[in-house]
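Hi,

Here is the structure I promised to pass on.

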Amino acid sequence: MTDRPRGPTQPPDRAGSEPAPVGLPRWQDLEAVLGRYLSPIIVQGVAARFGGNGPRSAPLSPERLAEVLPHLEAALRLFAAPGQLAAALRELEAFWGRGALTESVVAIVQERDVGEARACARLLCEQAGANDFVAQRAVTIVSELARNIFKYASPGRVEFTVADRALRIVALDAGAGIAHLDDILAGRYKSRTGLGKGLTGVRRLADTFEVRTGPTGTRVEVTLNLRG
C-alpha cells in the first residue's frame, strides 16, 4: 500500500573506481570537506578511525552515512577554528539524507497498513541518523494516528517528509471529524467511541502539533526534531 519512494532505499553495492550513483557521496567527498577546515594530520586520524576499509571512491549507503556523519560533526566541533565552524557544519549538513528515502505516503485502509506506517516511520528515522529514542517517539505517534484512521475514519493516509533534519508526519482522513476536540485536547472529555484517543499523547511526544477537523475530515500534522 506504500507509494514508491522518490529515492533509492537500498543503493546497489558498487566498489572500486566506478562512479558513485547520482546523489550518493563517497568517503573522499566527506574527506574533502574535513580537509578544508582541519589539519591533514587530524583528517588522516578521522579517516583511519571512521573511513572503513573500502575504497575511498566507493559510494556510501544511507545507513553508512547515518553512522559516520555524527562522528565527523563531532570532529569539526572539536578541532575546526571557531570562525569557520558554522561554514563547516553547513557543508557537512548537505550530506544528510543524500540517497536516502525522504518522502513516502502510506494509505490506511486495512489493519496491516498501520504496521506498514510504523515501519516507514522507523526507516526514515534510521536513514536520517536519528537515535533510538527519537525513532520510538515517531513510531508511537504514527501508531496512534494511523490506528485512529483505520478504526474510525478509513480510508485515509499518512504522509512523511524528511527535511532540515526534521520528520514531518501528516495524517489525513475524510471521516466525520472529531467532536469536542478542544475538550479532548484539554483532558476534559473522553469520547465513548474512543475517537480522538491518543491525540493528547501525540501532542506531548511531538515537537510541533497541529490538528484541524470538521465534517469533511481531519488533518493532524506533527514534526519531530531528528537530532533529538
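This is a predicted model: local features need pLDDT of at least 70, side-chain atom pairs count only at pLDDT 80 or more; totals for chains, interfaces and linings use all residues.

Residues are numbered from 1 along each chain as its sequence is written, and side-chain values use heavy atoms, with hydrogens and water left out.

The overall picture

The protein has 8 helices and 5 strands; these are DSSP runs (H or I, at least four residues, for helices; E, at least two, for strands), numbered from the N terminus. Along the sequence the order is α-α-α-α-β-α-α-β-β-α-α-β-β. Of its 228 residues, 44% count as buried, where buried means under 20% relative accessible area, exposed over 50%, and partly exposed in between (1.4 Å probe, protein chains only). The protein exposes about 12200 Å², and carbon and sulfur atoms supply 51% of that (Shrake-Rupley method, 1.4 Å probe; for residues, only the protein chains shown count as cover). If you take the contacts (heavy atoms within 4.5 Å) between residues at least 6 apart in sequence, 67% join residues at least 24 apart.

Helix α3 and its two partners

Start with helix α1 (residues 27-37) and α3: their axes come within 11 Å and cross at roughly 10°. Axes here are lines fitted to C-alpha atoms, for helices over the stretch in contact, and angles run from 0 to 180 degrees between N-to-C directions. So α1 is roughly parallel to α3; the label covers angles under 35 degrees, with over 145 roughly antiparallel, 65 to 115 roughly perpendicular and the rest oblique. Trp27, Leu30, Leu34 and Tyr37 of α1 meet Leu65, Val68, Leu69, Leu72 and Leu76 of α3. By class that is 9 nonpolar, no polar and no charged residues (nonpolar: Ala, Val, Leu, Ile, Met, Phe, Trp, Tyr, Cys and Pro; charged: Asp, Glu, Lys and Arg; polar: the others, Gly among them).

Helix α3 (residues 62-79) also packs on helix α4 (residues 82-93), at about 170° with the axes 10 Å apart, which means α3 is roughly antiparallel to α4. On the α3 side are Leu69, Leu72, Glu73, Leu76 and Arg77, and they meet Leu85, Ala88, Leu89 and Leu92 in α4. The contact of α3 with α4 has 7 nonpolar, no polar and 2 charged residues.

Helix α5

Helix α5 (residues 111-127) has 17 residues and reaches 25 Å from first to last C-alpha, close to the 24 Å expected at 1.5 Å a residue (1.5 Å times one less than the number of residues). Which of its residues are buried? Asp113, Val114, Ala117, Cys120, Ala121, Leu124, Cys125 and Gln127 are. Their cover includes α3, β1, α6 (132-153), β2 (156-163) and β3 (166-173). After α5 comes glycine 129, with a positive phi near 85°.

Two residues to look at

Valine 139 is in helix α6 and is buried, at 2% relative accessible area. Leaving out residues up to four places away in sequence, valine 139 touches Arg118 and Arg122. Its C-alpha is 8.3 Å from that of alanine 117, 22 residues away along the chain.

Threonine 102 is in the loop between α4 and β1 (103-108), and counts as partly exposed because its relative accessibility is 27%. The C-alpha atoms of threonine 102 and valine 162 are 4.9 Å apart, although 60 residues separate them along the chain.

Cheers
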